[in-house]
Amino acid sequence: MMAFVANGKVIEQNIVKSKILNRGVGYSVYLPEGYDTDNRTYPVIYLLHGYGDDHTTWIHKGNIGWYADKAIKEGKIPPVIIVMPDGGVGMYVNSFDGKNNYEDFFIHEFIPAVEDIYHINKGK
């Protein structure tokens, strides 16, 4: 078994303020090794948690920082930013009654806010 040392950085508590939802929405983010020292852009993965969990689940139960670092070091994936939003219990879609339009928030507010904050490659 190979020993492995994590070098990326995980930020657990960030918030995007939403006019659509009329509240702040928490999210966590994984930044690959070297992110703080270069100006390149990175591909992004939006990693969604399961029903009843929150934006920290992939960190605490899934050990995402370790797995991402390992996959990057082994050349299985390129250096990547992983964003983990808190979806609450709404399944990331707009509610039928229009009171919780999470999908609208995600597309129109969350993704643009994250792209403004981090060095994300905005292309497909």
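The following paragraphs lead from the overall chain to its sheet and then to a single residue. The model is a predicted one.

The chain contains 3 helices and 4 strands, arranged along the sequence in the pattern β-β-β-α-α-β-α. Its radius of gyration is 15 Å, close to the 14 Å that the globule rule gives for 124 residues, so the chain is as compact as a globular protein of that length. The C-alpha trace spans about 50 × 30 × 25 Å along its principal axes. Of the 124 residues, 38% are buried. Among contacts with a separation of 6 or more, 68% link residues 24 or more positions apart.

The 4 strands form an open sheet of mixed pairing, in the order β1-β2-β4-β3. Strands β1 (9–18) and β3 stand at the edges with a single partner strand each, so one side of each has no neighbour in the sheet. From one strand to the next, the twist averages 25°. Strands β2 (residues 23–31) and β4 (residues 81–85) run antiparallel and are joined by 4 bridges; Y30 stands opposite I82 in β4. Helix α2 (residues 64–73) packs on this sheet, where it touches β1, β2 and β4, and its direction makes about 40° with that of β2.

The loop between β3 (44–46) and α1 (57–60) includes T56. Is this residue, T56, buried or exposed? Its relative accessibility is 11%, and because buried means under 20%, T56 counts as buried. Beyond its neighbours within four places in sequence, T56 is in contact with E12, Q13 and S28.

Conventions: Residues numbered from 1 in each chain as written. Predicted model: local features only at pLDDT ≥ 70, side-chain atom pairs only at ≥ 80, totals over all residues. Heavy atoms only, no water. Helix = DSSP H or I, 4+ residues; strand = E, 2+ residues; numbered from the N terminus. Buried < 20%, exposed > 50% of the residue type's maximum accessible area, 1.4 Å probe, protein only. Contact = heavy atoms within 4.5 Å. Pairing = 2+ DSSP bridges. Axes fitted to C-alpha atoms, helices over the stretch in contact; angles between N-to-C directions. Rg over C-alpha atoms; globule rule 2.2 N^0.38 Å.
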